[in-house]
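Here is a short note to keep beside you while you look around this structure for the first time. Please have the sequence and the 3D view open, and take the points one at a time.

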Amino acid sequence: MIKKFIRKILGVKSAPEAAAAAVSNRKPTVLSTKEHGINPQLVSANAIRVTQTLQDNGFKAFIVGGAVRDLLTGVKPKDFDIATNATPEQVKRLFRRAFIIGRRFQIVHVMFGQDLLEVTTFRGPSNDAAPKDEHGRVLRDNTFGEQHEDAARRDFTINAMYYDPASQTVLDYHGGVKDIRKKVLRIIGVPETRYREDPVRMLRVVRFAAKLQFTIDPATQAPIAVMAPLINNVPAARVFDEMLKLLTSGHAMACLQALRKEGLHHGLMPLLDVVLEQPMGEKFITLALANTDERIQQGKRVSPSFLFASLLWHQVLEKWEAYKAAGEFPIPALHLAADDVLNTQTDALAIQRKIGADMRDIWAMQPRFEKRVGKTPYKMLEHQRMRAAYDFLLLRCASGEIDAEIGEWWTAFINGDADERERLINSKPKAPAGTSAAKKRKPRRRAPRKAAAQE
C-alpha cells in the first residue's frame, strides 16, 4: 500500500522500468576540460598514481564520487575514491600496501604513507538473490559489472560521475553536472527502493543538502518521512560513521536541523533527541557545533571524542545532579552518570572504546578545574587530555553554566610563566556570582535545650 501510494503521488516508474532505463543508459555524456573546468592541480598525486598504475596494466580506472563533485565546484577534495574494472584481488597485487576490506561489498584500501585511497570494482545490477534483512536492506552484494551499471548503482546523480586524470575528461551517466549547476540533489532510480536497500542514504541526502546548500528533489524527498524508521535496522557502527561525517561536515547545526525537519531524529539515537529537544543545553550545543564548524572550515582537526562529549554533556549533567541529590559524593556520582549515558548509547550508537574513554576523561576532569590550590593545577597540565578538557571548560563558561572567572583563571595559568602561576595559586579565587566573597559562614550554634523546649 505504501509503495503504491508513493508511486501514485510521485508518478515514479516501477523498479523493473527504472532498471531497464538505467541499463539502456550505456553511453555517458563526455565532457572535455573546457566544458567541465576541473583544475588538475586540485587532483591528488596519489590518486593519479593509482589510476595510472591500473591503466598501465590494462584496466579502466577513474576518480569517482564526491571527489569529482568537489572538483567540479572548484573545491579541493579531502578524499579520493577510485573505480575500476579490476577485481579486488587484481588491485591488491598491483600495490605494496593494499588491503581488501568489507563484507557487504569488497573494496581495497591503498596506502601511501598516511594517505588512504579507496578502490572499488565496478558494481553490477542489484541481485535479487543477494542476502537481505526482513526490511529489504541488502546485507551482502559482491556483484561486479560494467561502468554504466556501476553508475546506476551509485546513490545520487552528483556522485555518479567519473574523471580520468590521463585524458582529463568527465563521464556523466545521469545528468550530474546539470544537477550540480541547478544545485539539486536527486537520487538515481526509485527512491523508495534505494532507501530500502540502504536506509543510510536518507542520512546522506540530508548531509549533502546541508553541506552543499542544495535543494532536495521532491521525488527524492517524499518517501523519507514514511521510511525514516528503517534507520533503526542499520548496524550501529554504520550509523556512527555516518553521524560523524554529518557532524564534521562543517555544517553540523544545519545538518541536525535538516534531520529534524525530515523526521529522521526521532528514534535515530537518544543523542539527537536530547540535542534538538532539550532547551537547557541548546546554547551549549550551539556553541560546541559552531566551534566545530569553524575548525573544519579553517582546515583544523576535530576530535570525535570532544564532539560527542559536548553533545552528551547535558545528559551527563542531569544524571550527575540526580546522583548527588541521592547522597552520592560528587566524583563517584560523575562516574556513575558517565556510565549511564554511554551505556544508553550502546544500542543505537557504536561509540568506539577509545573515543568513549577519552569522553570519560574530558568529563571527569571538569570538577578538578575547581581545585586551584597546591599541586593540583600543575598535575592537570600534565594530563594528556588537558587541552580538550580545557576547551570543554571554556564552552561551559561561555554558555553560562559556570562562572566565567574559572575559565579566565585557567587561561592565565596555562599561558603564564612560573612566577605568574605561583601568583595565581596564592591569590584568592573570586567567589561565584551571587555569593559573598568576604565572609565565611560561621557554624550555627545550637540553641540551649531549655529554649529549644520552649519553642
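1. Let's begin with confidence. For the chain, the mean pLDDT is 84, and 80% of the residues reach 70 or more.

2. A word on the ground rules. This is a predicted model, in which local features need pLDDT of at least 70 and side-chain atom pairs count only at pLDDT 80 or more, while totals for chains, interfaces and linings use all residues. Residues are numbered from 1 along each chain as its sequence is written, and side-chain values use heavy atoms, leaving out hydrogens and water.

3. Next, please find the open sheet of eight strands, with the order E1-E8-E7-E2-E3-E6-E5-E4 and mixed pairing. Strands here are DSSP runs (E, at least two residues), as are helices (H or I, at least four), numbered from the N terminus; two strands pair if DSSP finds at least two bridges between them. E1 (29–31) and E4 (98–101) each have a single partner strand, so one side of each lacks a neighbour in the sheet. From one strand to the next, the twist averages 30°, where axes are lines fitted to C-alpha atoms, for helices over the stretch in contact, and angles run from 0 to 180 degrees between N-to-C directions.

4. From E7, move on to E8. Four bridges join E7 (residues 161–164) to E8 (residues 169–172), and the two run antiparallel; Met161 stands opposite Asp172. In the loop between them sits Gln168, which has a positive phi of about 55° although it is not a glycine. Thr169 lies in E8, and its side chain makes a polar contact of 2.7 Å with that of Ser167. Such a contact is a pair of N or O atoms within 3.5 Å; within protein, one must be able to donate a hydrogen and the other to accept it, and residues adjacent in sequence count only if both atoms are side-chain atoms.

5. Which residues of helix H14 (residues 252–261) are buried? They are Ala252, Cys255, Leu256 and Leu259. Seen down the axis of H14, these buried residues fall within an arc of 95°, so they line one face of the helix; the arc is that of the directions from the helix axis to the C-beta atoms.

6. Finally, look at Ala333 in helix H18 (residues 330–346). Ala333 is buried, at 0% relative accessibility. Setting aside residues up to four places away in sequence, Ala333 touches Trp320, Tyr323, Lys324 and Glu328.

Conventions
pLDDT = per-residue confidence, 0-100. Buried < 20%, exposed > 50% of the residue type's maximum accessible area, 1.4 Å probe, protein only. Contact = heavy atoms within 4.5 Å.
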